[in-house]
Amino acid sequence: EEVRGVVAELAERLQGMKRVLFITGAGMSADSGLPTYRGIGGLYNQGRTEDGFAIEDAISGDMLQSRPAMCWKYLAQIEESCRGADCNDGHLAIKDLERHFDEVWVLTQNIDGFHARAGSSRIIEIHGDLHHLQCTRCGDKQTVKDYGHLTYLKQGEDDRGVYPRCTKCEGLLRPEVVLFGEMLDMDRIGRLQAQLNKGFDAVFSVGTTSVFPYIMAPITMAANAGKLTVEINPGDTDISDIVDFKVSSGAAPVLRAIVSRLEE
């Protein structure tokens, strides 16, 4: 009942707005059945992996360089947790909102590629997409549906030389994602900055704990500029106190309700 009231008020406030930004995190993909880790699903909430590493070390740029077979073991686990899953109604609702505004932008931390699959037209995948692979030697790029055909060892490092290799030069393949300890992609940061400079009429934070400064900044900028700010997240976060509307809920039902209300 409370959510319905908020949705009605939000739909009213959104009327006539032109540019809207959705910032999305792991909670966005929870309705697809993906685990919601601090970044990648509840796969690793117990702190250490079975090899005794913190997940932040297991899937780091350093590990990829020094022990690629070990790093790939965990990259493959993450991909496997996404395999068979698909974008959910929340992703589709954000796409449907493109009918109501001049520009709907998505800034996502997720590496599952679901916003693209849903058909959103303006996406900044700030951490990349697991399904885009690149050779670390010759730079050859490919897009894959999943990792089922790649050669890696589920158990890790029995043979340090077994990891996915480039079909052209035999170099080490890697997903085009930002691993722990790596810098963000400057092109993507540039695209984000350009859009923030243009400004947004409303900014939504959906299913993210907003811990990274570049994820939190668009919300604080919008709040300081007196623009509409909304958080949709079951738990409280660092931005819960500064947004105009805080909806304690999963993402998909609320986003779909907003679309329905706008189309009444």
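Which residue in β6 does C135 stand opposite? It's L173.

A word on the ground rules: this is a predicted model, where local features need pLDDT of at least 70, side-chain atom pairs count only at pLDDT 80 or more, and totals for chains, interfaces and linings use all residues. Residues are numbered from 1 along each chain as its sequence is written, and side-chain values use heavy atoms, with hydrogens and water left out.

Strands here are DSSP runs of E with at least two residues, numbered from the N terminus. Two of them pair if DSSP finds at least two bridges between them. Here's how β4 (residues 128-135) meets its partners:

| Pair | Sense | Bridges | One facing pair |
|---|---|---|---|
| β4 and β6 | antiparallel | five | L133 and P175 |
| β4 and β5 | antiparallel | three | Q134 and K141 |

Six of the eight β4 residues are buried (under 20% relative accessible area). As for β6, five of its five residues are buried, so the strand is largely enclosed by the rest of the structure.

β6 (residues 173-177) also gives the second largest pocket the largest share of its lining, four residues. A pocket is an open set of points on a 1 Å grid where a 1.4 Å probe fits, with protein on both sides within 12 Å along at least five of seven lines; lining residues have an atom within 4 Å of a point. This one has a volume (the space filled by probe spheres set on the points) of about 200 Å³. Among its lining residues are Q134, R174, P175 and E176.

Technical notes: Buried < 20%, exposed > 50% of the residue type's maximum accessible area, 1.4 Å probe, protein only.
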